[in-house]
Amino acid sequence: MSDTSSRAANAPLQSTSVASLRASLGTFAREHLPEAMVPTRFVILDTLPKLPNGKVDRSRLPLGDASESTAAAAYVAPGTPDEARISLLWQEVLGAARVGVTDSFFDLGGDSVAAAQMAARVKEAFGAAPNMRRFFEHPTVSELARMIGAKTAGASTSSPASRSLSPEDLLTEATLPDDVRPAPDALPQAAAPYRTVLLTGGTGYTGAYLVRELLDRSDARLFVLARARDAAQALERVRENLRGYGLWRDADAARLIGVAGDLGRPYFGLSREDYLTLAREAEVIIHNGAHSSYALPYHRLKAVNVLGTLEVLRLACRARVKPVHFVSSLAVFPGHPGPQHHLEVELTDPSHVMGGYRQTKWVGDKLVSLAGHRGLPVCIYRPGLITGSQDTGACSTDTFLNETMKGCIQLGAALDFNVLLEMVPVDFCARVVAHVALGGKHAGSVFNLPGGRTVSWSELVQMLETLGYPLRRVPYSEWYRELTAAVERGEDNALTRFHPLFTEDTPSEDVGYPDSLPRFDTTRLHAALAGSGIACREVDLAFLRLYLDYFVSIGYLPPPSAERSGSHARV
């Protein structure tokens with residue numbers, strides 16, 4: 001085997017080529033593998049050592065220098081003045097010792113807030129603002145330099161939105177591996193009432209209410225999968241999440257079992273023993289876990305939202321056949337101008353489903369349906385935008401709708417956007433899923449969960465004004481300029497991390513489909529809820545006031561203005 005390192009020292013072009021190859025391999029691995037499976041180092045060889053029979057001699061493969069990280073090995077120095085300026089700017093923003101032109105901004109520790117600060121610095125340095133949507137898709141110095149160079153030269157920087165996949169690629173992604181089918185030696189599914197339930201996503205907002213409903217509506221023990229170092233910490237995360245929404249009861253500890261695992265890793269990152277124990281003991285699975293970021297591209301969400309769903313389905317087929325209840329989203333439906341009617345049936349066409357989050361949910365939804373065709377009992381629930389509890393108003397602050405409302409309140413201006421909203425109270429959603437899942441009677445069903453009443457964005461803005469939050473109605477382009485200026489000034493606007501979803505002309509399709517008039521069939525939902533007493537509260541002034549009062553109580557929103565306070569005190 002030749003000494004690649006010594007030759008590279010005398011061949012800088014070869015060194016750069018090898019580094020670029022390492023960077024490309026790293027990027028490809030991150031896009032196609034779960035995070036835990038991405039190699040930390042790549043060793044490049046001229047040839048592979050062979051045995052006399054022609055097979056690879058694994059004993060002679062180099063182990064590589066353990067002290068050399070992938071990022072360091074893949075360093076590619078700036079090659080142009082623009083790349084050098086941007087690289088130095090990134091060092092200042094990120095506090096990095098050095099930045100190569102192929103390094104990912106986010107792999108170096110950057111986040112959406114740091115990206116907004118970096119964009120402001122780039123605009124100041126070059127006199128041209130980067131297209132942040134494109135930057136999130138290609139977050140490297142070299143791509144940013146090309147983008148800025150094209151802008152300053154007057155060329156177009158438009159490119160296909162790689163945050164989304166093509167319909168053809170989505171259909172390929174929604175291919176169920178052959179091993180995801182009930183194992184021949186698996187025990188048949190248990191009959192309700194179930195003794196044990198496995199829940200994913202139990203440390204999130206909807207997850208907290210699902211835990212509460214599952215405990216209240218059954219005597220089952222509840223396994224909750226959570227990222228943690230051990231089972232005790234997993235349980236503590238579940239406990240603290242419930243406490244945060246006022247849902248914890250001391251008696252819950254006797255029936256909750258923390259499972260320290262990760263949806264984005266094969267077999268959830270569990271040991272073989274723990275995995276098999278879970279496969280044997282769980283009798284039904286409620287899969288609620290997901291990475292719900294509208295700003296990230298498909299490949300960044302795939303590990304949790306797609307591969308995690310496959311892992312849930314695999315577990316459901318092992319040791320004992322376990323019904324899977326999958327919390328999907330109304331976001332899986334395509335957007336078209338004009339009237340549409342969406343039935344409670346299996347998805348077929350991914351056309352016009354845009355954005356990484358929407359598309360990963362579409363693929364997950366489809367995979368669950370395909371598993372149902374292979375004999376796995378499945379149910380799919382498609383809620384709209386999850387909002388505050390209809391009983392208490394308690395709500396997560398970390399949702400796109402809530403951050404949009406807060407961001408507009410901070411600006412004092414609302415964007416002009418003709419989109420309809422299906423706002424679904426979190427406790428209603430949790431009650432539906434728990435009631436149906438614990439009953440064990442609706443295998444193969446799909447349920448649409450729209451809000452009690454469809455609300456337009458303009459109507460929501462009007463209600464916010466009535467309840468004491470005056471908002472100027474401005475054209476979209478003016479609103480965008482105001483938001484961009486606030487982001488560039490470094491203001492703590494709630495929409496900073498979602499800024500890439502907006503452009504000068506229009507919001508991304510990820511945000512919503514303007515001029516679309518969808519209608520969602522709920523025939524199966526109403527049949528399943530008959531006699532249960534479960535109903536969805538309509539979004540009106542009284543409900544929205546409850547919702548906003550909660551935000552004020554936790555300091556998320558300022559109190560409503562004094563001149564408006566009298567108008568909503570009588571609601």
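Helices (H or I, at least four residues) and strands (E, at least two) are taken as DSSP runs and numbered from the N terminus. The structure is a predicted model, in which local features require pLDDT of at least 70 and side-chain atom pairs count only at pLDDT 80 or more, whereas totals for chains, interfaces and linings use all residues. Residues are numbered from 1 along each chain as its sequence is written, and side-chain values use heavy atoms, with hydrogens and water left out.

The protein chain contains 20 helices and 15 strands. Of its 571 residues, 53% are buried, that is, under 20% relative accessible area with a 1.4 Å probe and protein chains only. Among contacts (heavy atoms within 4.5 Å) with a separation of 6 or more, 78% involve residues 24 or more positions apart.

Seven strands form an open sheet with parallel pairing, in the order β3-β2-β1-β4-β5-β7-β12; two strands pair if DSSP finds at least two bridges between them. Strands β3 (256–260) and β12 (446–449) lie at the edges, each pairing on one side only. Neighbouring strands of the sheet are turned against each other by 15 degrees on average, direction ignored. Within the sheet, β1 (residues 196–200) and β4 (residues 284–287) run parallel and are joined by four bridges, with L199 opposite I286 in β4. Helix α10 (residues 231–244) packs on the sheet through β2 (221–226) and β3, and its direction makes about 120 degrees with that of β3. Helix α12 (residues 298–317) also packs on the sheet, touching β1, β4 and β5 (324–327), at about 175 degrees to the direction of β4. These angles run from 0 to 180 degrees between N-to-C directions, with axes fitted to C-alpha atoms, for helices over the stretch in contact.

Helix α15 (residues 426–439) comprises 14 residues and spans 20 Å from its first C-alpha to its last, close to the expected 20 Å, a value given by 1.5 Å times one less than the number of residues. Twelve of the 14 residues of α15 are buried, including F428, R431 and L438. Just after α15, G440 adopts a positive phi of about 65 degrees.

One cavity of 30 Å³ or more is present. A cavity is a set of points, on a 1 Å grid over the protein atoms alone, where a 1.4 Å probe fits but cannot get out, and lining residues have an atom within 4 Å of a point. The largest cavity holds about 30 Å³ of space, the volume being that filled by probe spheres set on grid points joined across faces, edges and corners. Its lining consists of S112, A116, M132, F136, T496, R497, H499 and P500, with α5 (112–126) and α6 (132–137) each supplying at least two residues.

Key
Buried < 20%, exposed > 50% of the residue type's maximum accessible area, 1.4 Å probe, protein only. 1 Å grid on protein atoms, 1.4 Å probe; cavity = no way out; pocket = protein on both sides within 12 Å on 5 of 7 lines; lining within 4 Å.
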